[in-house]
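I opened a new model today and kept notes as I went. The entries follow the order in which I looked things up.

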Amino acid sequence: MAVNGEAGVRTRTITWHDPLPGARAGARMSGIDYLRAMERGELPPPPIMATLGIGLSEVEEGRVVFHADPDEYHYNPIGVVHAGLAATMADSAMACAVHSTLPAGAGYTTLEFKINLVRPLTRDTGRVFCEGRTIHVGGRSATAEARLTDGEGRLYAHATTTCMVFRPEKEKG
């Protein structure tokens, strides 16, 4: 086995857009409008999506789906995809499902999430989808759930989250 750049070396080049203009634009839009603008390519996705190769597949109020094609660059030292890919997809899908329900000027952040990994991902798994759905969106907190499946519907992970919601001053009671 060669190390230090000899045999078996692969490269991957990542490019991304400055995230701040998109974030500023998003602060003036409802969550659903912001996510749909990203889906249409009118606003850039956050850099983490380019880093991990995650794409936005579907957006509707209370529901968001992301996709990714697990590959070697996702691998951990034991030769399978690192759990961080599933965790990032689940956190993103759940939080964006919450975001899709919020008005302009509102924000959110993940307070906690729990993920259960039920089967390993490898480069041979093929495209996977992570669907996030809201369970409850209240004045100050929201809950959501996610399922990570392959194209045949096989479950690879499931997760839940609690998000803190920040409402604009005029909405606070």
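I started with I54 and skipped its neighbours within four places in sequence. I54 is then in contact with M49, F66, H67, A68, L85, T88 and M89; contact here means heavy atoms within 4.5 Å.

I noted the ground rules next. The model is predicted, so I kept in mind that local features need pLDDT of at least 70, that side-chain atom pairs count only at pLDDT 80 or more, and that totals for chains, interfaces and linings use all residues. Residues are numbered from 1 along each chain as its sequence is written, and side-chain values use heavy atoms, with hydrogens and water left out.

I then looked up the core. I54 is listed with F66, M89, C130 and L148 as having the most contacts inside the largest nonpolar core, which has 37 residues. Such a core is a set of buried Ala, Val, Leu, Ile, Met, Phe, Trp, Tyr and Cys residues joined through side-chain atoms within 4.5 Å. Buried means under 20% relative accessible area, exposed over 50%, and partly exposed in between, with a 1.4 Å probe and protein chains only.

Which elements give two or more residues to this core? I found α2 (31-39), α3 (47-52), β1 (54-60), β2 (63-68), α4 (83-99), β4 (128-137), β5 (141-150) and β6 (155-166). Helix α4 gives the most, with eight residues. In soluble globular proteins, nonpolar side chains tend to be buried together.

Helices (H or I, at least four residues) and strands (E, at least two) are DSSP runs, numbered from the N terminus. The C-alpha atoms fill a box of roughly 65 × 35 × 25 Å along the principal axes.

Buried residues make up 37% of the 173.

My last stop was A142, in strand β5. Is A142 buried or exposed? A142 counts as buried because its relative accessibility is 0%. Leaving aside neighbours within four places in sequence, I listed its contacts as V98, H136, V137, T161, T162, C163 and V165. From A142 to R10, 132 residues apart along the chain, the C-alpha separation is 42 Å.
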